[in-house]
Amino acid sequence: METVALEINGVQREVQVEPRTLLVELIRDHLGLTGTKVGCDTSQCGACTIHLDGAAVRSCQTSLAQAAGKKITTIEGLHPKGEHPLQKAWIVEQVPQCGYCQSGQIMQAAALLAKNPNPTDEEIVAAMTGNICRCATYLRIKRAIKRAVREVSS
Amino acid sequence: MSPELSRRDFLKSTALAGAGLTLRFTIPGVDTASAAASFEPNAALTITPDGFVTVHITKAEMGQGVGTALAQIVAEELEADWKDIRIDYPMNDPKFGLMLTGGSWSVNWTFDSLSRAGAGARMLLIEAAAKQMGVAAADCVAADSRVRHLPTGRSMAYGEIVAKVPITRTLSEEDLKKIALKKPSQYRIVGTWIPRLDIPEKTNGRAKFGIDTFLPGMVYAKVAYPPTREGGKHTSVDDSAAKRVKGYIRTVVNDDIVAVVADTYENAVKARDALKVTWNPGSYANVSTESIFAEYARKAKEDTTSPAWVEQGDIRSGMAEAVRTHEATFTTDYVAHMQMEPMNCVVRFENGVYDIYTGSQFQTMAVGTLSKKLGVEESKIRIHQHYLGGGFGRRLEPDVILEGALIAREVKRPVKLIRSREEDLRRDYYRSATLQVLKGGLGANGKIVAWQNTLVAAYPGERYGGLDDKGRDQFSLNGSDHVYDVPNQFVRAIRSETGISVGYVRAVAPNYTFFAVETFMDELAHLAGVDPVAFRLSMLGSTPRLASVLKLAAEKGGWGTPLPPNVGRGVACVTAQEKKSPTWTASVVEAQVDPTTGRVRVRRVTCAVDCGIVVNPDGARAQIEGSVLFGVSNALKEYGTVANGALVQSNFHDYHVLRMDEVPDVEIHVVDSTEYPTGLGEPGTTTIAPALSNAIFAATGARVRSVPLLPSRVLKAIQQKA
């Protein structure tokens with residue numbers, strides 16, 4: 001065990017954990033931020049997607065040590081009121097079904113738009129294909145991303 | 001299904017369609033002092049003095065938007081203002097009747113009873129308000145959560161009524177049955193697009209699933225599982241190495257389970273992996289995909305005593321009368337649920353009560369099973385319902401809850417049990433692999449005169465109330481009893497248990513039965529030299545609603561219009577789940593086939609649906625989109641292979657599901673209807689495999705009779721044709 005200082009969702013925190021602890025375990029079990037999910041433990045499904053310095057990473061395959069010195073953002077910290085353009089578009093397009101994968105989907109899409117504010121359809125598909133939605137809300141995810149792009153640019 | 005819930009009870013409640021919930025509409029006498037308490041006219045809703053109406057949703061929310069839809073039904077007849085509506089998902093209680101979510105039954109089973117629950121509450125509120133205002137109830141109407149006296153314009157809000165007026169009258173089921181419900185033309189909430197109530201918290205991380213439960217003092221358990229899916233048993237357990245793992249708390253070993261408990265999930269995994277368990281793998285250790293299908297084929301050929309599922313006319317004379325006959329064998333592979341939230345629960349055993357935190361599709365069965373196994377009364381099993389991170393039938397099963405309870409009973413601290421994806425996939429209850437041998441005879445008039453199907457599958461039915469008196473499991477056979485007008489039919493139902501546990505996966509048997517029925521129908525159409533849509537229509541005289549959706553799908557899907565090379569269109573039309581509560585569904589699938597690799601790309605799906613009254617139009621579309629794409633995933637990619645008595649696949653790298661890069665355009669057409677509503681969670685799924693295999697045939701002339709329609713299978717069919 002050691003004391004690790006980190007910045008998560010804009011707040012400086014100190015936690016007592018093993019440096020080898022996976023980020024997803026830190027986030028969910030130690031910090032109680034349960035919006036980040038686990039689905040496969042092998043980075044293949046994307047349910048655990050968070051941001052490290054704004055880039056989408058799989059928190060189930062990232063250790064705390066790998067995150068040292070970087071800003072961690074989870075779905076809870078994407079926007080202070082949950083009103084990121086993607087979150088608003090997700091509601092307008094009524095995207096979620098069971099909802100379990102949707103935090104990861106939104107975080108993946110947010111990292112894409114931060115880097116590429118006006119992605120083509122192909123770029124959206126390329127960025128989102130690593131995130132599985134078993135309810136298959138893919139058509140609405142695509143529509144919501146495009147809506148968010150339109151809202152931001154207008 | 002537990003012994004406590006017999007198949008008869010189950011079927012009885014199924015048959016009640018429309019009054020599926022036991023309505024308890026007796027209102028205890030309320031005195032003035034307690035009139036400010038909330039008003040609970042029945043198990044479906046509570047009205048509080050603050051004016052909020054809470055509709056108690058006893059169906060599991062697993063993405064189908066059921067909470068919003070059921071609340072719309074109640075609010076409609078209650079004449080509540082939608083902004084006053086809240087929903088909750090209560091703990092199990094006998095007053096809620098059968099707590100089961102599946103089969104696309106939720107709206108179908110509750111539409112009438114929830115309408116009457118709302119209407120009855122409205123009647124009582126009107127009476128109570130009239131009494132308070134000193135006016136005649138007959139002069140009052142209810143609208144927007146208020147009772148208004150028409151002659152004077154005076155009014156009282158529902159919350160005010162509940163706060164001030166004791167409601168002592170009770171309504172019997174007879175009274176409720178007599179209430180004249182609204183006509184569909186009078187609906188203002190049912191049939192209206194209302195945003196789903198559960199969606200906002202599913203965009204900001206606040207939605208709580210079972211796996212998000214954390215209790216004070218909670219510890220983590222991991223179970224050691226035998227190498228075979230069924231019949232394996234531990235013969236010795238050495239936990240000396242596990243005890244040295246940091247955070248180890250204890251080992252739980254009894255007749256039913258081998259498990260380790262530790263302070264964190266990670267440490268529990270390490271300790272479990274450090275156990276040295278000797279297993280007797282049981283009698284299924286040599287079972288493989290090859291041995292299963294060989295046994296299926298043997299039974300299909302030799303079994304002449306298994307019961308008929310359909311017997312109509314005289315199959316022998318029908319076949320004798322045929323001018324041409326055709327036979328084909330269809331197979332389908334095991335399919336897993338792969339719901340995104342791994343199976344999990346938190347169980348606390350305290351003062352003789354098991355508190356279970358999870359998401360369940362079948363609380364009634366879970367309670368029955370645990371009560372029997374743990375030797376406690378049903379009232380001591382309390383299931384705290386959460387959102388389900390996908391159900392698809394997986395969360396009907398009480399297996400993981402039972403494991404959690406068996407461990408918690410010994411640990412005396414809240415225990416969290418989470419299956420890894422690998423454990424989840426290898427310990428699933430799969431959709432059965434099947435083999436179907438179809439034989440058809442065409443009469444001189446070009447129509448089908450004889451239809452024979454020999455259907456071999458494993459049945460989950462025994463766990464769900466048993467098989468029927470002839471040994472059949474309707475939920476393993478639905479769909480093979482198609483609705484085409486064919487005078488002579490015989491469907492034989494052959495059960496074959498394999499050692500690979502089977503259960504109910506979204507859309508259940510109609511996935512494999514309609515794959516065979518609708519692909520074979522296409523084959524017979526081509527044999528008869530008739531267009532597949534026209535061929536089907538010629539035999540749908542007794543089911544005009546199915547004929548209508550077939551025509552609609554064909555028209556909207558561009559049936560008969562030119563396509564580029566290697567692209568084909570295929571069609572399928574189905575009754576979906578069950579003949580007695582059909583959702584009339586037809587799809588046209590357009591697919592492109594690479595003739596050199598056999599790779600199939602689904603370009604477009606046009607799906608037409610008639611499900612009667614639509615409660616929430618956008619929710620309905622979402623369900624159709626999802627079920628169609630679930631069907632695309634099943635039809636293109638999903639299979640489990642078996643070796644040594646267990647599934648070979650272990651995670652998303654070798655059990656592939658549909659991702660965004662393979663999603664086709666989906667066009668949906670829902671028929672306007674005032675018929676009693678059926679269901680939408682599954683129908684789309686059942687059309688896709690046959691429509692796609694027919695599209696592949698249209699594109700290539702090659703017939704693929706095994707699902708999934710893998711490139712290797714498509715390529716083989718193309719080569720065989722050449």
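**A walk through chains A and B**

Let's start at one spot: B:Asp531 sits in the loop of chain B between helix H14 (510-528) and helix H15 (532-537). Keep in mind that this is a predicted model. Is B:Asp531 buried, exposed or partly exposed? Its surroundings hold 15 C-beta neighbours inside 10 Å, so B:Asp531 counts as partly exposed, since a buried residue needs 20 or more and an exposed one has 12 or fewer. Look across from there to B:Gly560, which is 29 residues away along the chain; the two C-alpha atoms are 9.2 Å apart.

Now zoom out to chain B as a whole. Its domain assignment lists domain 1 (7-202), domain 2 (210-282 + 343-418) and domain 3 (289-334 + 430-721). Between the C-alpha centres of domain 1 and domain 3 of chain B there are 39 Å. These two domains do meet: 24 residues of domain 1 of chain B are in contact with 24 residues of domain 3 of chain B. On the domain 1 side, helix H1 (7-15), helix H2 (66-78) and helix H3 (106-133) of chain B each put in at least two residues. Sort that side by class and you get 11 nonpolar, 11 polar and 2 charged residues.

What about the inside? In soluble globular proteins, nonpolar side chains tend to be buried together. Here, the largest nonpolar core has 269 residues, and the members that touch the most others are B:Val74, B:Ala129, B:Val261, B:Leu692 and B:Ile696. The biggest giver to this core is H3(B), with 14 residues. Take B:Ala129 as an example: leaving out residues up to four places away in sequence, B:Ala129 touches B:Cys140, B:Val147, B:Met156, B:Ile161 and B:Val165.

Over to chain A, then. You'll find 5 helices and 5 strands there, and from the N terminus they go β-β-α-β-β-β-α-α-α-α. With a radius of gyration of 15 Å, close to the 15 Å that the globule rule gives for 154 residues, chain A is as compact as a globular protein of that length. Its C-alpha trace spans about 45 × 30 × 25 Å along the principal axes. Of its 154 residues, 55% count as buried. Among contacts in chain A with a separation of 6 or more, 61% link residues 24 or more positions apart.

Finally, how do the chains meet? Chain A brings 40 residues into contact with 45 residues of chain B. On the chain A side, two or more residues come from each of helix H1 (23-30), helix H2 (85-92), helix H3 (102-115), helix H4 (121-128) and helix H5 (138-153). That side is made up of 19 nonpolar, 16 polar and 5 charged residues.

Key. Residues numbered from 1 in each chain as written. Chains lettered and ligands numbered in written order. Predicted model: local features only at pLDDT ≥ 70, side-chain atom pairs only at ≥ 80, totals over all residues. Contact = placed C-beta atoms within 7 Å. Helix = DSSP H or I, 4+ residues; strand = E, 2+ residues; numbered from the N terminus. Nonpolar A, V, L, I, M, F, W, Y, C, P; charged D, E, K, R; others polar. Domains from an automatic or database assignment. Core = buried A, V, L, I, M, F, W, Y, C linked by C-beta atoms within 7 Å. Rg over C-alpha atoms; globule rule 2.2 N^0.38 Å.
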